[in-house]
Amino acid sequence: MSDAASPSSHPPPVSGEDTPVPLMQRLYDSPFLLLLACIVVMFVFFTGWGMIEIMSLEPAPLP
C-alpha cells in the first residue's frame with residue numbers, strides 16, 4: 001500500500017463550514033427564522049404600545 005492511499009497521511013482539507021456562522025447570518029439564511037424574529041419583534045412592540053395606550057386612558061366613571 002502506498003502512503004498516498006492511507007487516510008492518515010494527508011490531513012483533511014480545511015473548509016469554510018468548520019468556522020462558526022454568526023447568529024445574524026443564520027437568521028437571514030432561513031426565511032422561517034427571519035419570519036419568527038419579525039413576529040417576535042412585532043409582538044413585543046405592539047404589546048408595549050398597547051400597554052402604554054391602556055395606561056394613558058382616563059379611568060371610566062362609575063354610574
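Which residues do ring pairs link into a cluster? Select Phe45, Phe46 and Trp49: ring pairs join these residues into a cluster. Keep in mind as you look around that this is a predicted model.

**Stop 1: the rings**

Across the whole structure, a search turns up three aromatic pairs. Start with Phe45 and Phe46, whose rings sit 5.1 Å apart centre to centre with 75 degrees between the planes, an edge-to-face pair. That angle counts as edge-to-face because the cut-off is over 60 degrees.

Phe46 has 44% relative accessibility, so Phe46 counts as partly exposed. Trp49 is partly exposed as well, with a relative accessible area of 46%.

**Stop 2: the greasy patch**

Stay on the surface view and select Leu33, Leu36, Val40, Phe43 and Val44. Together they form a nonpolar surface patch with about 490 Å² of accessible area. Pick out Phe43, which lies in helix H2, residues 31-55. Phe43 has a relative accessible area of 58%, so Phe43 is exposed; the cut-off for that label is over 50%.

**Stop 3: over to the other helix**

Next, select residues 23-29, which are helix H1, and find Met24 there. Met24 is partly exposed, at 45% relative accessible area. Draw a distance from the C-alpha of Met24 to the C-alpha of Leu34: the two are 10 residues apart along the chain, and the gap is 9.4 Å.

**Last stop: zoom out**

Show everything as a cartoon. The protein has two helices and zero strands. How much of the protein do buried residues make up? Buried residues are 2% of its 63 residues. Colour the surface by element to finish: the protein exposes about 6300 Å², and carbon and sulfur atoms supply 75% of that.

Note on methods. Residues numbered from 1 in each chain as written. Predicted model: local features only at pLDDT ≥ 70, side-chain atom pairs only at ≥ 80, totals over all residues. Heavy atoms only, no water. Patch = residues over 30% accessible without salt bridge, like charges linked within 9 Å, V, L, I, M, F, W, Y side chains within 5 Å. Areas by Shrake-Rupley, 256 points an atom, 1.4 Å probe, with all protein chains shown as cover. Salt bridge = Lys/Arg side-chain N within 4 Å of Asp/Glu carboxyl O. Helix = DSSP H or I, 4+ residues; strand = E, 2+ residues; numbered from the N terminus. Buried < 20%, exposed > 50% of the residue type's maximum accessible area, 1.4 Å probe, protein only. Phe/Tyr/Trp six-rings, centres within 6.5 Å; stacked < 30°, edge-to-face > 60°.
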